[in-house]
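Please examine the sequence and the structure shown here, and then follow the explanation below.

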There are 2 protein chains.
Amino acid sequence: MDDAAFLSTVERLRADVERRLAELLPAEGQSPTGLTGAARYALLSPGKRFRPILTLLTAIDFGAAEGAALDAACAYEMVHTASLILDDLPSMDDANLRRGLATTHRAFDEANAILAAVALLNRAYGVIADDAGLAESARVELVAQLSETIGFRGLTAGQARDLDRRGRTLSNDEIDLVNHQKTGVLLVAAAMAGGLVAGVTGVRLAAVGESARRLGLAFQIRDDLLDVTGAGDKDAGKDAGMPTLVTTLGEAGAREAMLGYLDAAREALQRAGGGMSAWRYAAGFFGAPKVVA
Amino acid sequence: MDDAAFLSTVERLRADVERRLAELLPAEGQSPTGLTGAARYALLSPGKRFRPILTLLTAIDFGAAEGAALDAACAYEMVHTASLILDDLPSMDDANLRRGLATTHRAFDEANAILAAVALLNRAYGVIADDAGLAESARVELVAQLSETIGFRGLTAGQARDLDRRGRTLSNDEIDLVNHQKTGVLLVAAAMAGGLVAGVTGVRLAAVGESARRLGLAFQIRDDLLDVTGAGDKDAGKDAGMPTLVTTLGEAGAREAMLGYLDAAREALQRAGGGMSAWRYAAGFFGAPKVVA
């Protein structure tokens, strides 16, 4: 598939996700309007939809029908959105803007933002449980995996560590752990969900997860580099004073580590033995040479 | 079973719940300590354990083995605890004390309290998904039901409505809706979980839920009456200015409505055709005449 055709496939999947996300939420104006409005605002504002597209492409890479993973994919976007709402809260990053729009607690209020995050997380579980296209065993596995992803060794732990580290000096291993728990775990879960829907198991499924874990580390360094250079969509210098691999390795060293992780992600996905479109999609964010899937 | 034997059964079940809750959480001191500490503080502080005991007694009432519903029961206590942490936050009730102890955000900090609530909610899903004693179909049904319970027509909606109503005049129907979503839905889910574990289905399971729904409404009026008289464990008058059935019906009328709900709860459970120990346990909180189960 040439680049234009691939891009158009990705755009089609993104449109599928946007449409389905809107269907899976309460209708506009449903009471209580503060809660449903905040959830719709946060989830339906424009976004890359990186995680659900990763789920969908991985499922396709391993032979699933194109729509088979759509609801599971949407569940991961709900969890991602919930984590962004929480990260932005006054007691955490106290952010006013997210992707150029007012953060949810600014557009609504703090109580409705917190409740919307909780409601979105919980909706994710409901969407998986209600996915009649998946075997009950697959749904149970996805729920168990999502709970691990969010829980005391996942996103919530990553966010707690992220808040704890401010102003402290961390080792590279500790920085990797924060980065992995704060963003990597959800990428791993999203990719593995795609594999799981396609019937991938055992070491091959683990390799899919390993590939996504490396991607997550690469993305984190990319974000840290963009933060230093001010080229990203976050306020430049917002994380000033927080230790990252850029501060410990320098810009050139961090860039090298990033490309190393990207390579390792490709190798892991090759080991899983399916298609490579999920990696191709992710690599596009790094300006890396395109691979032909 | 006489009252003393029944009380001793309840105490044994409570001890089972307390022990199992501690096992299902990260060990004390697990990193990140703010998050795990806040979760342990909130969940393992002394409590009635009303919801898990309701689950366990309902399961026993309908013939399940005594331990069969223990993990599911613990999941509902995790959700209840998470909802209390959130209700107490500065952006919601801004409470300093809960059951005579500092609220979680006071004992730790706001960020860790919010993250602990999210982590506990998510742990509840994991506990259900991992419950190897239940068929996968039962686990999927419990997850779907829990998601409904917490979501846009459940606890989060009830809390949002509760915040919205302050200073406004609501009809009795609207007050019933807030009360049901804020506390009733979780009682319904906890009782139905016990029935579901025992293999109860269809109209009998619906009657178990209906019984718990009536209990929830009775408990809410009881709380409102205690708030007016100052005999409860909350700060008396804390809800002053918030419309309740006590303000619209008066104390005598509210008491009558409360006892009516309690009777209706008994009738519904009798229709389900199992034992009555779950109702007997609940009725004990109202000083109502004891029933022999």
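In α2(A), the residues Leu35(A), Thr36(A), Ala38(A), Ala39(A), Arg40(A), Tyr41(A), Ala42(A) and Leu43(A) are buried, that is, 20 or more other C-beta atoms, placed from the backbone, lie within 10 Å of the residue's own. The model is predicted: local features need pLDDT of at least 70, side-chain atom pairs count only at pLDDT 80 or more, and totals for chains, interfaces and linings use all residues. Residues are numbered from 1 along each chain as its sequence is written, while chains are lettered from A and ligands numbered from 1 in the order in which they are written.

Helix α2 of chain A covers residues 33–44; helices are DSSP runs (H or I, at least four residues), numbered from the N terminus. From first C-alpha to last, the 12 residues of this helix reach 15 Å, close to the expected 16 Å, where the expected span is 1.5 Å times one less than the number of residues. The buried residues of α2(A) pack against α1, α4, α5 and α6 of chain A, and also against α8 of chain B.

Between the chains, 41 residues of chain A are in contact with 41 residues of chain B, contact meaning that the C-beta atoms of two residues, placed from the backbone, lie within 7 Å. On the side of chain A that touches chain B, α2, α6, α7 and α8 of chain A each supply at least two residues. The largest share, 13 residues, comes from α6(A).

The same surface serves both copies, as 100% of the contact residues of chain A recur in chain B.

Methods
Buried ≥ 20, exposed ≤ 12 C-beta atoms within 10 Å, placed from the backbone.
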